Amino acid sequence: MLPATSGPTSSTSTSHALAAPAQRGLLNASGDALSPGAQRAAWSGGAEAAGLATRESAPAVATPRASTLAASEASPQPLRGGDAAPVSREPGLQGQVGRLQQGLEYLDRLAASMQQLKGGLSATLARQAEPTAALNSQVDQLRQLWSQRSRDAGGRVDGDLQTAPQDGSSRQRFKLRGLDLSVLEQGGRETLRLQLPGQSQEGGGKSVAIAVTLDGEGTQQQLQALTKALSPAGLTVQTQGQEIVFSVAETQWPALRDGMTLRGEGKRFPSGQPVRALLEPAPEAMQPQRWDLKDAAGQRQALGQLLQAQPKVAKARERLSEQLDAVASRSATGLAPAQAGALADALAGSLSGAEYSDVGALLPALRGMHRDRVRQLLAG
């Protein structure tokens, strides 16, 4: 996404008074000066953003005895469900399943850590005591878990605990300071030139130059022009009240945040040499790295963020489970009831007094099965 502007939305009259020199000063201001409270207030009312294997260890396999090895020399007959034809798998389907399972596993660990810390904070506040070593350890654990969200969640959950689309990955929303709807409405034709850094995994890559002409006539038309210009670079554009909200894949965000520049023609944006664009990221669901639990005020702040984030975790988990069910249904073989019954009977008969080789043949199939899928099958 593209950067977001910080601070309250300017009125139209105020926007007309914003000259290019003042705009240059605004663009060069430090985004770090915004307090978390101010950032969250500016971003209030935001809308929800619309194959890695599971982290479970492989089952341990015991070394077979010599007698078992001898028995396994004969090729076992594969289990078949009647004469059902094999169903072709959709390309990339297994990767989607793996990432969804990874996201669910991360949310499980996050929910458990948050619940444990919530209990510790509540007890500390009730006693009006200083934080114990155990409480500090719980905070450190949550901080580490939260800092690894982008990697450990498989790209399925963003910083606001919103789930990514089933066919996409988590994105970073942001505002570009100095660019909102009131600025677009200012008269005069001006070309805004943006320079986006390369997005290769090695940190290099060829930068992308984008030019967007703003004519001050028709906000919707100008938004469409902005969207069309930025789309090839992987950026999206949305409106939130009077603000313009951009988004970009989380993997591209660090390079964009640190390397994007812009230049105007002296009307809405400064002319001359390009200046670094100040991008304001959307506030995260919680900010454990900033918590200070030395006093009751800091403990209450942390507890409040936990209480607000817990429903988001539960909602994200529900949506990922729905996505996993949808993907799993596409990969189902669709056996008829009689075929499914015959396959179950054959499997039960084969495992009755099974040898090591028979059980071992099933392990790869069971390794990637998530517990939610097992519960669903048992419930059915």
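## Salt bridges

Glu-105, Arg-109, Arg-151 and Asp-152 are joined to one another in a network of salt bridges. The model is a predicted one, and the structure holds ten salt bridges. Side chains of opposite charge can pair when their charged atoms come close.

One of these pairs is Asp-108 with Arg-317, whose closest N and O atoms are 2.5 Å apart.

Asp-140 is partly exposed, with a relative accessibility of 43%. Another salt bridge links the side chains of Arg-257 and Asp-258, with an N to O distance of 3.0 Å. Arg-257 is partly exposed at 33% relative accessibility, and Asp-258 is partly exposed at 47%.

## Packing of α5 and α6

What angle do the axes of α5 and α6 make where they cross? The angle is roughly 150°, and the axes come within 9 Å. That makes α5 roughly antiparallel to α6, because angles over 145 degrees fall in that class. The crossing of α5 past α6 is left-handed.

On the α5 side, the contact is made by Tyr-106, Arg-109, Leu-110, Ser-113, Met-114, Gln-116, Leu-117, Gly-120, Leu-121 and Thr-124. On the α6 side, Leu-135, Gln-138, Val-139, Gln-141, Leu-142, Leu-145 and Trp-146 take part.

Is Arg-149 buried or exposed? Arg-149 counts as buried, with a relative accessibility of 7%. This residue is found in helix α7 (residues 149–152).

Neighbours within four places in sequence aside, Arg-149 is in contact with Tyr-106, Val-157, Asp-158, Gly-159, Glu-250 and Glu-284.

## Strands around β5

Strand β5 (residues 243–249) has seven of its seven residues buried, so it is largely enclosed by the rest of the structure. Strand β1 (residues 171–176) is joined to β5 by four bridges, and the two strands run antiparallel. Within this pairing, Arg-171 stands opposite Ala-249 in β5, and Arg-173 has Ser-247 of β5 as its bridge partner.

Strand β4 (residues 236–240) also runs antiparallel to β5, with five bridges joining them. Thr-239 has Ile-244 of β5 as its bridge partner. β4 and β5 form a hairpin with two residues between them. In the turn, Gly-241 has a positive phi of about 65°.

β1 is mostly covered, with five of its six residues buried. Besides its bridges to β5, β1 pairs with strand β8 (residues 279–281) in the antiparallel sense over three bridges. In that pairing, the bridge partner of Leu-176 is Leu-279 in β8.

In what order do the four strands of the open sheet lie? The order is β3-β2-β6-β7, with antiparallel pairing. At the edges are β3 (208–214) and β7 (275–276), each of which pairs on one side only. Strand β6 (residues 261–263) pairs with β7 in the antiparallel sense over two bridges, and Leu-262 has Val-275 of β7 as its bridge partner.

Helix α9 (residues 219–230) lies across β2 (190–196) and β3. The helix runs at about 170° to β3.

Methods
Residues are numbered from 1 along each chain as its sequence is written. This is a predicted model: local features need pLDDT of at least 70, side-chain atom pairs count only at pLDDT 80 or more; totals for chains, interfaces and linings use all residues. Side-chain values use heavy atoms; hydrogens and water are left out. Two strands pair if DSSP finds at least two bridges between them. Contact means heavy atoms within 4.5 Å. Axes are lines fitted to C-alpha atoms, for helices over the stretch in contact, and angles run from 0 to 180 degrees between N-to-C directions. A salt bridge is a side-chain nitrogen of Lys or Arg within 4 Å of a carboxyl oxygen of Asp or Glu. Buried means under 20% relative accessible area, exposed over 50%, partly exposed in between (1.4 Å probe, protein chains only). Angles under 35 degrees count as roughly parallel, over 145 as roughly antiparallel, 65 to 115 as roughly perpendicular and the rest as oblique. A crossing is left-handed if the near helix is turned anticlockwise from the far one by less than a right angle, and right-handed if clockwise.
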